[in-house]
Amino acid sequence: MKFLLLIGTTLLMTMPAFGQTTLKGRVTDAKGRALPGANVFIKGTYDGANTDSTGSFRFRTSRNDTATLVVSFIGYESFTKKLALSANQPDVAVRLQEAASELNTVVITAGAFEASDERKMTMLKPMDIVTTAGAQADITATMNLLPGAQRVGEQEGMFVRGGSNLESKVVIDGMIVQNPYFSSLPDVQSRGRFQPFMFKGTSFSTGGYSAQYGQALSSVLLLNTNDKNTNNGLSIGLNLISANVGIDHETKNSTISGSLYYGNLKPLFALIRQNIDWVRDPEFAGSSLTYRLRPTKNGLLKVYGMYSASRLAMNFRDPSVETGPAGPGKTAIDQTNRNAFLTSTYTDSWDEGRWLLNTGLSYSRNHDRMTFNGLDFGRFDSRTQGRLVLTRLLARNNSLLFGAEVHHVTLKNGVMGTTYQLSDTYAATFVESELYLSRKLAGRIGVRGEYSSLLKAFNLAPRLSFAYKTGTFSQISLAAGQFYQTPDYRYLYLNQGLAYERADHLILNYQLIRNQRTFRIETFYKNYAALVREFTGQPFDTNPYRFPWGRTDNTGNGYARGFDLFWRDQKTVKGLDYWVTYSYVDTRRLFSQYSMATTPAFVSNHNASLVTKRYFNKLRTNMGLTYTFTSGRPYYNPNRQNERPDNYFSDRTPAVHNLSYSASYITAVKGNFLVLYATVDNILNTRNVFTYRYTPDNKTRYAVGPQSYRSFFIGGVMMLSKKAKVDLNQL
Amino acid sequence: MKTIIITLTALLLGASSPVWAQSEQYKQAMKDALGTMKGYSEKTPPADMLATANQFERIAGVEQKEWLPRYYAGLMYVYLGFMGKDATEKDKYLDQADKYLKEALALAPKNDELAVLKAYIAQSRMVVDPMNRWQTYGATFQEAVAEAKALNADNPRPYVLEGQSLYYTPEQYGGGAKVACPLLQKAAEKFTTFKPASELHPNWGKNEISPMLAKCQ
């Protein structure tokens, strides 16, 4: 026994000498290049080493039977291998495969322009929306500086690639926003109702978008609200037209914020000459409330409500009026608006994020009490909607998504004292899958089915897109799909036998993002079918508040084709960030009251913009300069007799130029942040013309232009909280 | 005979290791890695930092119940996050730091040092692109610093990070030496009484703030 023990001890003591195995080898990437600094070890032991500059490793292990070799290196998939260890261990050659990352994996991007902090490879950041000169911190105005958008100065909304503003939708957290802009007035461009700082992500799609979204022939603007407060405490803002106060409060699982504002355009109008005959300076007030709750680890409930009211009166130039309260040649417009919007969404995920749930419920109602020369032209609408989307993430980034939404819409329109009304229940369901065939090739296949109770019709819209990575920094994408939209409700008041309007998109895109420089080119073809045509039996009516009295059917059609370019450079000149866009569109359509296929009056063939930004450290000031060019638009000249294709809408307005400047200065006053900002729009005081109209006798042509020419704006925001972070709202 | 010896060897080795040998081995391995870390500064080549991170990763691989090796691996990646050659590389390192933080938090959910690490990661993320990131990561930084202070009022490191961050923030954004110094002095005060739980527990920060403190006088 003693002997046994002795042998045992001896053996133990001598074990290191012959029990150790030396492991050596080399670690390379898939192409055989050395990977220095990789971690090589035997699983479950301290035995291991780092690879040297040639990718080689060598270490000893006390294991002498079998062992699991693990090789890990940042940016690569871990490698494991079972080894049968022997005294003369042969060299181990390890090839590591690159791990999937944003940089080496293709993304499906055709048609979309994204601003996000969460994803790194985007062309814009949310800050860009507020720091762009000429956009007045208005989300839509910033989007109108991007390729694919056409600027139309006298109307709100987004006109994308030959499409009208009725063909684009604004979507917040998956829910369609019924009234994204302040109430429209003839020949006045209204701002968006939502502040850019509410959103953590913005995606502007100029076509070929996901089956998750419908009811837009041209474009969707997807906005995703913040998951947390941007500041904590009290904030006070004051500018030339309004005063606002906001308060944010945080508890462990929830946040609540509220804001109140009051505005009056009197001070601005006193300083800047208006081209509009205001009778009652616009006055507005509103409030909003946001509540967020995290009931579970991954669950998030968001409730957002807002209410606003406004009042104004103006005299609109209308030479067809002979007598009226505002005198000849003028229509007196009086408008009182009340708008409420309540939306709640709940998102959650289970099973390590493999299941994702997105649900939402929203209600909006909008009432415009409006009279034109004393006659009732009031408008009312409401929309109730519910939405549910379930996403299943599969291996290798693949995913399957399915969902449904239901909307109920009611509308009322007063037209010269008569009220028209209707209601529609609209339901949609969609399935979509993202498939990564490899890291270089990905596809998205989806289909959307819709039903409208008003049209008593179904539609089925397939959507497809592919993306292929052509290099480390570049990729090409292709998108195609069908898009349906219920016709403008104003047509449906008189004719409920109409069918869906349709657009087919085909988009090809190439992009290169490298070292803070971005290049993107996209070309598109859009086919329009089943567009609503009006047969008025009258010459073209240019009155912006006309009501479509004529017979209507779905025999309209058309096309739009073109390309756009985007170049952004944040590198070449240190501190200077600039981007250039150019969009070309060629389109002809037969629709609305146009009596033959033509380029519509809202289309400009060429749109270009140059946006520059620079932060001046010593001045503590961020400055921006933006130049935009919009080529002339067709307008109707009633003096062109015998309307023929060669002279119908053949006249063009002059091109529109605008140079604008913005500056914001950030400082701290007793530990509280103060942001001061100033903007100048149309520095060169260009007398821009958006369109022309004629007097009823066809003799006199008059121009429709902006509300004011050169104008300026100043304001400031103060954050009264030690914890507050600068909110560059309304820069 | 052979069988007996093998069995005996296996028994001796197997039975003994979990009880003392491995924990000694753990301590030794940690000490070795911490030893190499001691000499590190912002001038240390990233390759050396990565090697040390690997060392901690190997320890973490064996010690499934210890948060410390994960904490230090995360910390090394935060340092690397400051050193990366471009935004993509920095984020790649910081993704790795987040991974180790997550693992460590699963083992020690309410831990002041891990809250400090969380703040440090947020700070490093912010520095990559301050213009666009302060809003997200600034908030995370503040929250994590507050959490660390709440979990252990005697820990000087949340004050180190907060003071350091303010020290390098331009005055117009509410930073500068004037506001940073009281915090750094508070950190220094806490260092006089702070005792790490063991020689393996975090004890950094004093040297980092001393050049700034010198300018505070």
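**A two-chain predicted model**

Chain B has nine helices and zero strands. This is a predicted model, in which local features need pLDDT of at least 70 and side-chain atom pairs count only at pLDDT 80 or more, while totals for chains, interfaces and linings use all residues. Residues are numbered from 1 along each chain as its sequence is written, and chains are lettered from A and ligands numbered from 1 in the order in which they are written.

Helices (H or I, at least four residues) and strands (E, at least two) are DSSP runs, numbered from the N terminus. Read from the N terminus on, chain B is α-α-α-α-α-α-α-α-α. Of its 217 residues, 40% are buried. A residue counts as buried if 20 or more other C-beta atoms lie within 10 Å of its own, as exposed if 12 or fewer do, and as partly exposed in between, with C-beta atoms placed from the backbone. Two residues are in contact if their C-beta atoms, placed from the backbone, lie within 7 Å. Among the contacts in chain B between residues at least 6 apart in sequence, 59% join residues at least 24 apart.

Two helix pairs of chain B can be followed in detail. Helix α3 (residues 68-83) of chain B and helix α4 (residues 87-107) of chain B have axes that come within 8 Å and cross at roughly 160°. Axes here are lines fitted to C-alpha atoms, for helices over the stretch in contact, and angles run from 0 to 180 degrees between N-to-C directions. α3(B) and α4(B) are therefore roughly antiparallel to each other. Angles under 35 degrees count as roughly parallel, over 145 as roughly antiparallel, 65 to 115 as roughly perpendicular and the rest as oblique. The crossing of α3(B) and α4(B) is left-handed, a term used if the near helix is turned anticlockwise from the far one by less than a right angle, with right-handed if clockwise. Residues of α3(B) that meet α4(B) include Tyr71(B), Tyr77(B) and Leu80(B), and those of α4(B) in this contact include Tyr93(B), Leu94(B) and Tyr100(B). By class, the contact of α3(B) with α4(B) has eleven nonpolar, three polar and three charged residues. Ala, Val, Leu, Ile, Met, Phe, Trp, Tyr, Cys and Pro count as nonpolar, Asp, Glu, Lys and Arg as charged, and the others, Gly among them, as polar.

The second pair is helix α7 (residues 157-167) of chain B and helix α8 (residues 177-193) of chain B, whose axes come within 8 Å and cross at roughly 160°. α7(B) and α8(B) are therefore roughly antiparallel to each other, and α7(B) passes α8(B) in a left-handed crossing. On the α7(B) side the contact includes Tyr159(B), Val160(B) and Leu166(B); on the α8(B) side it includes Val179(B), Leu183(B) and Leu184(B). The residues of this contact of α7(B) with α8(B) divide into ten nonpolar, one polar and three charged.

Chain A is built from five helices and 41 strands. Its C-alpha atoms fill a box of roughly 125 × 60 × 50 Å, taken along the principal axes. Buried residues make up 39% of the 731 residues in chain A. Residues 24 or more positions apart account for 60% of the contacts in chain A with a separation of 6 or more.

Three strands of chain A form an open sheet in the order β4-β1-β7, with mixed pairing. Two strands pair if DSSP finds at least two bridges between them. The edge strands are β4 (56-61) and β7 (92-96) of chain A, each of which pairs on one side only. Neighbouring strands of this sheet are turned by 30° against each other on average, direction ignored. Strand β1 (residues 21-29) of chain A runs parallel to β7(A), joined by five bridges, and Thr28(A) stands opposite Arg95(A) in β7(A).

Further along chain A, strand β26 (residues 441-452) and strand β27 (residues 457-469) pair in the antiparallel sense over twelve bridges. The bridge partner of Tyr451(A) in β27(A) is Phe458(A). The hairpin of β26(A) and β27(A) has four residues between the strands, and Lys456(A) takes a positive phi near 50° there. β27(A) also pairs with strand β28 (residues 474-485) of chain A, in the antiparallel sense over seven bridges. β27(A) and β28(A) form a hairpin with four residues between them, and Arg463(A) has Gly481(A) as its bridge partner in β28(A).

Lys169(A) is found in strand β11 (residues 168-172) of chain A. Lys169(A) is buried, with 22 other C-beta atoms within 10 Å. Not counting residues up to four places away in sequence, Lys169(A) touches Ile176(A), Gln215(A), Ala216(A) and Val220(A).
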